[in-house]
Amino acid sequence: MVRNIRERIGSLLPATVTSSELVSDTVPVIHAGAMGLQIWGAFVGQSAGEAMWDEMDPQDLAVRLKAFEMNRLLAVDGGPGWLHLDFTNGWIRVVAATTYRSWESWEMTLPKITWKGGMDG
């Protein structure tokens, strides 16, 4: 039976966030079980009651990302130009850039599957 990407993600949830890191000042990577999420575009969120966004000080952003670790990624939802992740202690919403129509703003990787999103979906 062939499953679509949403079914595949749903079958892996909930998943514990094992690590997070900044690969540049504004590009976070979050690992939860077999999934990895790298965010290249604009995002907002809340972790442990503290606001976070793509242009905040990198040290502060790294601390906010660490607050997701050892918590559960409960749900992933998305549509054209956006991706929303719900965690036990907060959420992140990624929004594709409107200035570059083909710019992909996020990438979620599962075993043997990569799901990318942006203005072109």
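**Entry 1: helix α2**

In which helix does R64 lie? I looked it up and found R64 in helix α2. Before going on, I noted that the model is predicted, that local features need pLDDT of at least 70, that side-chain atom pairs count only at pLDDT 80 or more, and that totals for chains, interfaces and linings use all residues. I also noted that residues are numbered from 1 along each chain as its sequence is written, and that side-chain values use heavy atoms, with hydrogens and water left out.

I took helices (H or I, at least four residues) and strands (E, at least two) as DSSP runs, numbered from the N terminus. For burial I used relative accessible area: buried is under 20%, exposed is over 50%, and partly exposed is in between (1.4 Å probe, protein chains only).

R64 counts as buried because its relative accessibility is 19%. Helix α2 covers residues 58-66, and its buried residues are L61, R64 and L65. These residues lie on the same side of α2, because they cover an arc of only 100° around the axis; the arc is that of the directions from the helix axis to the C-beta atoms. I recalled a general rule here: an α-helix has 3.6 residues a turn, so residues three or four places apart point the same way. On the face turned away from the buried side I found the exposed residues Q59 and V63.

Next I asked what the buried residues of α2 pack against. They pack against β1 (15-22), β2 (28-32), β4 (42-47) and β5 (50-53). Contact here means heavy atoms within 4.5 Å. For R64, leaving aside neighbours within four places in sequence, I listed contacts with S47, E50, A51, M52 and M56.

**Entry 2**

I counted two strands as paired if DSSP finds at least two bridges between them. β1 and β2 pair in the antiparallel sense over five bridges, and they form a hairpin with five residues between them. Within this pairing, V17 stands opposite A32 in β2.

β2 also pairs in the antiparallel sense with β3 (residues 35-39), over four bridges. V29 has Q38 in β3 as its bridge partner. The hairpin of β2 and β3 has two residues between the strands, and G33 in the turn has a positive phi of about 60°. I noted that β2 is largely enclosed by the rest of the structure, because four of its five residues are buried.

In β1 I then looked up T18. T18 is partly exposed, with a relative accessible area of 46%. Apart from neighbours within four places in sequence, T18 is in contact with H31, A32 and E69. T18 and E69 are 51 residues apart along the chain, yet their C-alpha atoms are separated by 5.6 Å.

**Entry 3: strand β4**

Which residues of β4 are on the covered face, and which on the uncovered one? I found F43, G45 and S47 on the covered face, and A42, V44 and Q46 on the uncovered face.

β4 pairs in the antiparallel sense with β8 (residues 90-95) over six bridges, where V44 has R93 as its bridge partner. β4 also pairs with β5, again in the antiparallel sense, over four bridges; there S47 stands opposite E50. Two residues lie between β4 and β5 in their hairpin, and A48 takes a positive phi near 50°.

**Entry 4: the aromatic pair and the core**

How many aromatic pairs does the structure hold? I found one. F68 and F87 form this pair, which is tilted, at 4.3 Å centre to centre and 40° between the planes. Rings of Phe, Tyr and Trp (its six-membered ring) pair if their centres lie within 6.5 Å; planes under 30 degrees apart count as stacked, over 60 as edge-to-face and the rest as tilted. F68 lies in the loop between α2 and β6 (72-79) and F87 in strand β7 (residues 82-87), so the pair ties together parts that are 19 residues apart in sequence. F68 counts as buried because its relative accessibility is 0%, and F87 is buried at 6%.

Last, I looked up the largest nonpolar core, which has 22 residues; M52, L73, L85, F87 and I92 touch the most other members. At least two residues of this core come from each of β1, β2, β3, α2, β6, β7 and β8. Such a core is a set of buried Ala, Val, Leu, Ile, Met, Phe, Trp, Tyr and Cys residues joined through side-chain atoms within 4.5 Å.
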